[in-house]
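Colleague: Take me through this model. For each label, give me the value and the cut-off behind it.

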Amino acid sequence: MANLLIVEDDESVRTLAARALERAGHKVDVACDGAEGLDRIHQARGCYDLVVSDIRMPEMDGIEMAQNAARAYPGLPILLMTGYADQRERAEELDAIIIDVVQKPFTLSEIRDRVSLALAAQSTVALAGAA
């Protein structure tokens, strides 16, 4: 079981992703935009196993949130989501910060699989660092 944060401004997508990941056995917190997501990250002192965030949101977008979170908590794993090609291109500049970008729309099994892969990749990195 992982401790996840979902940051998504679309309530239906946020709820759908959260339920799918909770059913997969994860503890899920949610935020409705990047500013709230960054607040939750700070409140948790960066202790999320994975942050899953939309890129395009009001107030603060996912890229700005990811950059701020990475400065405060280096190594915090972040998986971004977008339905816009131009936003995906913006995220390519963040290779050192983010794990990957999930294309929207996605199915429930796709988001569960992508989160599982991201968590497995982080486990591998953590094990390699401990060796």
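**Helices and their buried sides**

Colleague: What covers the buried residues of H2?

Modeller: The cover includes E1, strand E2 (27-31), E3 and H3. Buried means under 20% relative accessible area, exposed over 50%, and partly exposed in between (1.4 Å probe, protein chains only). Helices (H or I, at least four residues) and strands (E, at least two) are DSSP runs, numbered from the N terminus. This is a predicted model, with residues numbered from 1 along each chain as its sequence is written. Local features need pLDDT of at least 70, side-chain atom pairs count only at pLDDT 80 or more, totals for chains, interfaces and linings use all residues, and side-chain values use heavy atoms, with hydrogens and water left out.

Colleague: Which residues of H2 are buried, and how do you know on which side they sit?

Modeller: They are Gly-34, Ala-35, Gly-37, Leu-38 and Ile-41. Their arc around the axis is only 160 degrees, so they sit on the same side of H2. The arc is that of the directions from the helix axis to the C-beta atoms. An α-helix has 3.6 residues a turn, so residues three or four places apart point the same way.

Colleague: What caps the N-terminal end of H2?

Modeller: Asp-33 does: one of its side-chain oxygens lies 3.0 Å from the backbone nitrogen of Ala-35. A polar contact is a pair of N or O atoms within 3.5 Å; within protein, one must be able to donate a hydrogen and the other to accept it, and residues adjacent in sequence count only if both atoms are side-chain atoms. H2 is followed by Arg-45, with a positive phi near 55 degrees.

Colleague: Which residues are buried in H3?

Modeller: Gly-62, Ile-63, Met-65, Ala-66, Ala-69 and Ala-70. They too span only 160 degrees around the axis, so they lie on the same side of H3. At the start of H3, a side-chain oxygen of Asp-61 comes to within 3.2 Å of the backbone nitrogen of Ile-63.

**The charged network**

Colleague: What makes Lys-104 and Glu-8 a salt bridge?

Modeller: Their side chains meet at 3.0 Å, N to O. A salt bridge is a side-chain nitrogen of Lys or Arg within 4 Å of a carboxyl oxygen of Asp or Glu, so the pair qualifies. Lys-104 is in the loop between E5 and helix H5 (108-130), and Glu-8 in the loop between E1 and H1, so the bridge ties together parts 96 residues apart in sequence.

Colleague: Why are Lys-104 and Glu-8 called buried?

Modeller: Lys-104 has 17% relative accessibility, so it counts as buried. Glu-8 has a relative accessible area of 1%, so it counts as buried too.

Colleague: Where does Asp-54 come in?

Modeller: Glu-8, Asp-54 and Lys-104 form a linked network of salt bridges. Lys-104 and Asp-54 meet at 3.3 Å, N to O. Lys-104 is in the loop between E5 and H5 and Asp-54 in strand E3 (residues 50-54), so this pair joins parts 50 residues apart in sequence. Asp-54 has 4% relative accessibility, so it is buried.

Colleague: How many salt bridges does the structure hold?

Modeller: It holds 5. Another pairs the side chains of Lys-27 and Asp-29, at 3.2 Å, N to O. Lys-27 has 41% relative accessibility, so it counts as partly exposed.

Colleague: How do you know that Arg-14 has no salt bridge?

Modeller: Arg-14 is found in helix H1. Its nearest side chain of opposite charge, Glu-11, is 4.6 Å away. Lys and Arg count as positive and Asp and Glu as negative; His and the chain ends are not counted. The Arg-14 side chain does reach the backbone oxygen of Glu-8, at 2.6 Å.

**The nonpolar cores**

Colleague: What makes a set of residues a nonpolar core?

Modeller: It is a set of buried Ala, Val, Leu, Ile, Met, Phe, Trp, Tyr and Cys residues joined through side-chain atoms within 4.5 Å. The largest has 21 residues; Ile-41, Val-51, Ile-78 and Leu-80 have the most contacts inside it. Strand E1 (3-7), helix H2 (34-43), helix H3 (62-72), strand E4 (78-82) and strand E5 (98-103) each give two or more residues. H3 gives the largest share, 4 residues.

Colleague: With which residues is Val-51 in contact?

Modeller: Contact means heavy atoms within 4.5 Å. Beyond neighbours within four places in sequence, the partners of Val-51 include Leu-5, Val-7, Ile-41 and Met-65. Apart from this core lies another, of 18 residues, among them Ile-6, Leu-21, Leu-79 and Ile-111.
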